[in-house]
Amino acid sequence: MKVSIKAMRVNAGLTQAEVANRVKINVATLISWENSKTYPTVEKLKELCKLYGCTIDDIFLPQKLS
């Protein structure tokens with residue numbers, strides 16, 4: 001991953017509880033995603049991207065070389 005789900009949340013200034021509430025998941029689920037123990041579904045990933053103001057490409061495409 002290019003950017004971690006946790007980094008996106010922190011950069012957005014949101015707590016785990018706020019994100020979990022907004023995407024309608026349990027905080028434990030978000031913690032599991034942030035620790036790469038499990039991964040969000042495509043639908044939940046889309047919701048996270050909308051919340052964080054990023055695209056799925058921002059997460060999964062490698063950084064361009066200068």
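Trainee: Which residues in the largest nonpolar core touch the most other members?

Mentor: This is a predicted model, in which local features need pLDDT of at least 70 and side-chain atom pairs count only at pLDDT 80 or more, while totals for chains, interfaces and linings use all residues. Residues are numbered from 1 along each chain as its sequence is written, and side-chain values use heavy atoms, with hydrogens and water left out. A nonpolar core is a set of buried Ala, Val, Leu, Ile, Met, Phe, Trp, Tyr and Cys residues joined through side-chain atoms within 4.5 Å, where buried means under 20% relative accessible area, exposed over 50% and partly exposed in between, with a 1.4 Å probe and protein chains only. Among the 15 residues of this core, those that touch the most other members are Val19, Leu48 and Tyr52.

Trainee: Which element gives the largest share of this core?

Mentor: Helices (H or I, at least four residues) and strands (E, at least two) are DSSP runs, numbered from the N terminus. Two or more core residues are given by each of helix 1 (5–11), helix 2 (16–22), helix 3 and helix 4 (42–52). The largest share, four residues, comes from helix 4.

Trainee: With which residues is Leu48 in contact, leaving aside its neighbours within four places in sequence?

Mentor: Contact here means heavy atoms within 4.5 Å. Once those sequence neighbours are set aside, the partners of Leu48 are Ile5, Val19, Val23, Trp33 and Pro40.

Trainee: Is Ile25 buried or exposed?

Mentor: Ile25 is found in the loop between helix 2 and helix 3, and, leaving aside neighbours within four places in sequence, this residue is in contact with Ala20, Leu30, Trp33 and Lys44. The C-alpha atoms of Ile25 and Lys44, which are 19 residues apart along the chain, are separated by 9.0 Å. The relative accessible area of Ile25 is 19%, and so Ile25 is buried.

Trainee: How many disulfides are found in a search of the whole structure?

Mentor: A disulfide is a covalent bond between the sulfur atoms of two cysteines, and the cut-off used here is a pair of cysteine sulfur atoms within 2.5 Å. The number found in the whole structure is zero.

Trainee: How far from Cys49 is the nearest cysteine sulfur?

Mentor: Cys49 counts as buried because its relative accessibility is 4%, and Cys54 is buried too, with a relative accessible area of 18%. Cys49 is in no disulfide, and the nearest cysteine sulfur, that of Cys54, lies at a distance of 3.7 Å.

Trainee: What percentage of the residues in the protein is buried?

Mentor: The protein has five helices and zero strands, and its elements run α-α-α-α-α from the N terminus on. Of its 66 residues, the buried ones make up 29%.
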